[in-house]
Amino acid sequence: MLLSFLQTCRAALTPSLILQGIAVLAVLLSSVIAGVIYTGRNYAIRRELRQLRRVGVPVEKSNMKDQYDSQFDLAEGSTATGPIRIKAIYIHPVKSFGPIELNRALLTKSGFMYDRCFAFAAEVIEPDLDTGARNKFWRFLSQRTKPGMSLIETELWLPHENSNPNDALVRAGGCVVIRFPDPENPTWLSWFDSLLYTWNPSAIPQVSFIAPLNPSAAQLSTHDLEKEALRPFTIHARTAHGIDMSIVPSVAAALPKLKKFLKISDNTPVTIFKCTDDTLVRTTKNLAPLKYIGSPAVHGYTDQQPIHLSSLSSVHAFSELLPRENQPLNALRFRANIWVTGASAYDEESWKRYRILPGNGAIETHRRARVDPVLCVVCRTSRCTMPNVDPDKGVFNTDTPAADRKKGKPQPSTTLIEYRTVENGNKAALGYMGMHCVPEDRSLNEAQEQNAGLYVQVGDEIEVLERGEHLYGSTGDDY
């Protein structure tokens with residue numbers, strides 16, 4: 001009976017019927033793909049970004065991909081044989097989220113353009129110690145308490161010369177695209193959307209959303225931002241201000257999933273704040289001399305100073321002090337803006353002022369000012385627990401615990417405290433690594449007169465102009 005049925009089916013499957021079946025399947029598959037493209041968030045974002053260009057160095061072409069190479073082993077006190085050069089440049093558009101690597105960056109009074117221009121914050125309630133009243137306020141969040149923030153990727157998209165000036169994101173001056181793994185169980189639709197976007201069947205579906213750089217110009221909300229008061233929130237011990245980006249629909253829609261990804265309570269409100277020119281504040285510690293910088297230093301959502309510089313040879317020297325299981329140490333844990341090579345380990349700690357000279361074969365010279373940036377070095381960078389976060393895994397690292405201990409000691413902070421407490425200026429410092437810097441007005445003003453940008457590029461040379469001693473906080477609170 002079964003044989004008879006199969007023979008009947010075989011007779012019925014004529015070439016024309018097979019072709020018709022294939023055509024029907026093709027139409028159905030095309031309809032599914034078209035539906036995913038039309039409704040999928042990845043392709044919706046692509047359509048929104050069509051008038052912008054992505055800025056940054058692809059991961060596979062990173063200037064730091066050889067950071068562990070022994071050629072960068074220059075011991076403390078050794079004599080360098082070549083010039084000190086800029087190896088890599090990083091900005092962090094959203095404070096404590098993933099960085100963006102650049103081949104060149106625009107230097108401004110408040111640091112590199114787009115660096116730490118957003119901050120993620122949560123509403124907290126704390127009792128007043130005097131009255132017992134419950135105080136409600138916003139406080140920024142970082143990898144110190146939410147190490148998973150290191151896994152949140154950021155992309156910078158800016159207008160180009162052929163952009164449509166009427167496009168909403170072009171009027172906004174561009175945007176930051178923020179991506180993170182979807183904390184929800186994947187559906188077949190989200191999986192297929194991810195597959196079409198990445199062509200990787202094992203890729204984890206991502207949540208993506210757009211944060212315009214200038215939301216008032218983007219006109220993405222019915223709110224009148226000109227009348228919207230800037231909200232206060234705290235960054236460490238200081239009060240910062242910013243535009244509450246939850247009024248932007250694309251941001252508001254993603255915040256619940258972002259909260260779930262970071263394992264924040266459903267009852268805790270969160271938002272993203274945007275820094276503006278009006279919310280920049282003066283630095284209050286480690287002040288560069290006004291005779292050099294011209295006017296008081298200002299910053300946005302950086303902890304205190306505009307620019308952070310670090311040397312790869314210093315990280316190499318320090319890495320050798322770590323327990324074997326914690327070596328080699330990824331230099332990007334220190335989240336510097338400028339990474340240099342060619343100087344001996346910790347040599348940067350004696351710098352007081354330096355000039356950045358165009359390198360041979362500069363990457364890009366278009367609209368680069370014919371003036372060399374000069375920066376003052378104001379203090380060592382006192383470290384916190386953030387370097388303990390593995391930026392590739394979003395977890396805190398420890399060493400291997402001793403036989404009589406259940407948990408290992410946090411690394412690299414334990415070793416930083418032991419070997420890199422090289423001064424006592426900041427009692428709360430968990431060791432020191434890297435240097436804080438402030439750009440001088442003279443070079444900024446000359447660039448403005450030339451109607452050109454004061455750019456810093458990979459391959460540029462560092463010329464140390466002055467050396468001296470550093471002690472965190474030694475310059476007091478007044479210029």
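Visitor: Which residues lie nearest the centre of the second largest pocket?

Guide: They are Arg144, His236, Asp303, Gln304 and Tyr472, from a lining of 39 residues. This is a predicted model, where local features need pLDDT of at least 70, side-chain atom pairs count only at pLDDT 80 or more, and totals for chains, interfaces and linings use all residues. Residues are numbered from 1 along each chain as its sequence is written, and side-chain values use heavy atoms, with hydrogens and water left out.

Visitor: How is a pocket found?

Guide: Rolling a probe the size of a water molecule over the atoms shows where empty space is left. Here a 1.4 Å probe is fitted on a 1 Å grid over the protein atoms alone. A pocket is an open set of points with protein on both sides within 12 Å along at least five of seven lines. Lining residues have an atom within 4 Å of a point.

Visitor: What volume does the second largest pocket have?

Guide: About 980 Å³. A volume is the space filled by probe spheres set on the points, which are joined across faces, edges and corners.

Visitor: Which classes of residue line the second largest pocket?

Guide: The lining divides into 13 nonpolar, 15 polar and eleven charged residues. Ala, Val, Leu, Ile, Met, Phe, Trp, Tyr, Cys and Pro count as nonpolar; Asp, Glu, Lys and Arg as charged; the others, Gly among them, as polar.

Visitor: What about the largest pocket?

Guide: Its volume is about 1,200 Å³. Of its 44 lining residues, Val59, Gly98, Pro99, Glu153 and Asp392 are the closest to the centre. By class, 20 are nonpolar, 14 polar and ten charged.

Visitor: Which element gives the largest share of that lining?

Guide: Strand 9, with four residues. Strands (E, at least two residues) and helices (H or I, at least four) are DSSP runs, numbered from the N terminus.

Visitor: What is a nonpolar core?

Guide: In soluble globular proteins, nonpolar side chains tend to be buried together. A core is a set of buried Ala, Val, Leu, Ile, Met, Phe, Trp, Tyr and Cys residues joined through side-chain atoms within 4.5 Å. Buried means under 20% relative accessible area (1.4 Å probe, protein chains only). The largest core here has 61 residues. Phe118 and Trp351 are among those with the most contacts inside it. Helix 7 (residues 249-261) gives this core its largest share, five residues.

Definitions and conventions: Buried means under 20% relative accessible area, exposed over 50%, partly exposed in between (1.4 Å probe, protein chains only).
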